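Subject: Structure handover

Hi there,

Here is the structure I promised to pass on to you.

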Amino acid sequence: MGVWGLAASLSTPRPRPARPLHPPRNCAMPLGMSPTPLAPYPALRLRRLRQADWIRRLVRETVLTPADLIWSMVVHEGEGEVPVASMPGVSRLSVKDCARAAVEARRLGIPAIAIFPHIDGARKDAEGSLAADPGGVIPRAVKAMKDAAPEVGILCDVALDPFTTHGHDGLIRSGRIANDPTIERLVAQGLMQAQAGADILAPSDMMDGRIGALRGALESAGHQDVMIMSYAAKFASAFYGPYRDAIGSGKLGSGPDDNPADKKTYQMDPANTEEALREVGQDLAEGADMVMVKPGLPYLDIVRRVVETYRAPTFAFQVSGEYAMIKAAAANGWLDEDRAVLESLTAFKRAGATGVITYFAPQAARVLGA
Ligand code: PBG
C-alpha cells in the first residue's frame with residue numbers, strides 16, 4: 001500500500017486538544033499539553049520549511065535582539081584598560097571608559113550594563129569593609145555612566161567577594177560563612193549603590209533572607225523604584241574561574257583567616273533542580289522583581305523550569321567560563337566565533353529566558369546589525 005496508503009489509513013480524525021495553534025513567542029508550551037498529531041512522511045516533510053532563508057525567517061520561533069542583552073563589565077580603580085588574560089577581548093575599564101561604554105551601549109540598543117569591581121588587593125580586608133564605601137569605584141562608575149547615558153540601566157552586584165581578602169561572599173565567623181551578619185553588610189552596600197543611582201540591585205551572594213531585607217531597606221529609604229534582580233538559583237560552579245581572575249578575587253581557603261576552600265555552603269549543588277525552584281520561589285515571595293539563573297548554558301533546564309513554574313522575568317548569566325570557552329576555541333580556529341556567540345545567546349531565548357547577561361553583549365549587538 002506504500003506510505004501514502006499508510007498515511008490515509010492513519011488519517012481518521014482525532015479530537016484536537018483545545019489550545020492556541022502556536023504558543024506565543026518566547027513562551028514555553030506548558031507541560032502536559034499534547035502536540036498536534038503529525039502527518040507521516042512524505043505528506044509531512046519537515047525540510048520543506050527549511051529550504052530557503054526567507055521561509056526559515058518566516059517560521060523562526062525565537063528572535064534574538066540587542067534588547068535581550070545585559071552587558072557584563074569590570075571596572076577598576078586606575079586609569080586605562082587592563083586586559084584580563086583568561087578572557088581575551090575583555091578588559092578592566094577605568095571609570096571614564098565605563099562612561100564611554102554606556103554611551104556605546106545606548107548606540108547599540110543594549111538596555112543595561114552590569115558592573116563588577118576590581119579592587120586593589122592591598123585595600124581588602126576580611127570584613128570587606130570597602131563594600132559600602134560611598135567613595136568607591138562602583139558608585140563613581142555608576143554616577144559617571146548615568147551622567148553619560150541616563151537611558152541605559154545600571155545593575156550593581158551586591159556581594160562582598162570583590163572586597164574580602166579571602167574571596168568569600170560573606171563574613172566568616174569561626175571558620176564558617178555567617179548568614180545574618182552578612183545580610184547587614186549587604187543591605188548597607190545595596191543602599192549605598194541605590195544612593196549612587198543604580199537602577200537594579202543584583203545580590204549574587206546566596207545568603208538566605210537577603211532579598212526581603214534589601215527590599216525592606218530600600219522601601220524605608222525612599223528607593224521604592226530601585227529594582228531587585230536576584231541571583232536566585234546560583235550554582236557552585238567551576239565556570240566562574242576567569243571572573244575571579246577578572247576582579248582579582250582573593251583565593252578561597254587561603255590567608256590568615258580560617259576559611260572554606262569553596263562556596264558550597266551557600267551556592268547550590270549543580271546536581272539540584274527542585275532546590276532551584278525553592279530558591280526562586282522564596283526570592284520572588286520576598287520581593288525580587290526579576291530572578292536569575294547562573295551559570296547559563298549548562299543550566300538551561302533550570303531556566304526552563306523556572307519560567308514555566310513562576311512566569312516571572314527570568315534572566316540567565318552567560319558567565320566568564322562560558323565566554324572563555326568560546327574565545328579559546330575560536331582562537332584556535334576550532335569554531336566560528338560570531339556564529340557560536342549568536343547560537344549560544346539564541347539558545348537562552350529558546351529556553352525561555354527573558355534576557356542574558358553576557359560579556360559578548362557589544363559584539364553580539366554588532367553582529368546583529370546594531
Ligand atoms: C560573586 C560573583 C561571581 C560572579 C558574579 N558575582 C563569582 C562567584 O560567585 O564566585 C561570576 C561571574 C562570572 O563568572 O562571569 N558574588
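Below is what I found in it, from the overall form down to single residues.

Some housekeeping first: residues are numbered from 1 along each chain as its sequence is written, and side-chain values use heavy atoms, with hydrogens and water left out. Please keep in mind that this is a predicted model, where local features need pLDDT of at least 70, side-chain atom pairs count only at pLDDT 80 or more, and totals for chains, interfaces and linings use all residues.

**Overall form**

The protein has twelve helices and twelve strands; these are DSSP runs numbered from the N terminus, with helices being H or I of at least four residues and strands E of at least two. Along the principal axes, its C-alpha atoms fill a box of roughly 80 × 40 × 40 Å.

Of the 370 residues, 50% are buried (under 20% relative accessible area, with exposed over 50% and partly exposed in between; 1.4 Å probe, protein chains only). Among contacts (heavy atoms within 4.5 Å) with a separation of 6 or more, 76% are between residues 24 or more positions apart. The protein exposes about 17,400 Å², of which carbon and sulfur atoms supply 56%; the areas come from the Shrake-Rupley method with a 1.4 Å probe, and for residues only the protein chains shown count as cover.

**Helix α6**

In α6 (residues 210-220), the buried residues are Arg-210, Ile-211, Leu-214, Arg-215, Ala-217 and Leu-218. They sit on the same side of the helix because they cover an arc of only 165° around its axis, judged by the directions from the helix axis to the C-beta atoms. Their packing partners are α5 (179-196), β8 (200-203), β9 (227-234) and α8 (274-285). After α6 comes Gly-222, with a positive phi near 80°.

The loop between α5 and β8 holds another glycine, Gly-197. Gly-197 is partly exposed, at 25% relative accessible area. Leaving aside residues up to four places away in sequence, Gly-197 touches Val-142 and Lys-146.

**Backbone points to check**

Most residues other than glycine have a negative phi, and most peptide bonds are trans. What departs from that here?

- The peptide bond from Tyr-41 to Pro-42 is cis, with omega near 5°; Pro-42 is in the loop between α1 (2-10) and α2.
- Lys-294 and Pro-295 are also joined by a cis peptide bond, with omega about -5°, and Pro-295 lies in the loop between β10 (290-294) and α9 (300-310).
- Ser-174 is not a glycine, yet its phi is positive, about 50°. Ser-174 is in the loop between β6 (171-173) and β7 (176-178), and counts as exposed at 76% relative accessibility.
- Arg-311 has a positive phi of about 50° too, without being a glycine. The loop between α9 and β11 (314-318) contains Arg-311, which is partly exposed at 44% relative accessibility.

Happy to talk any of this through.

Best wishes
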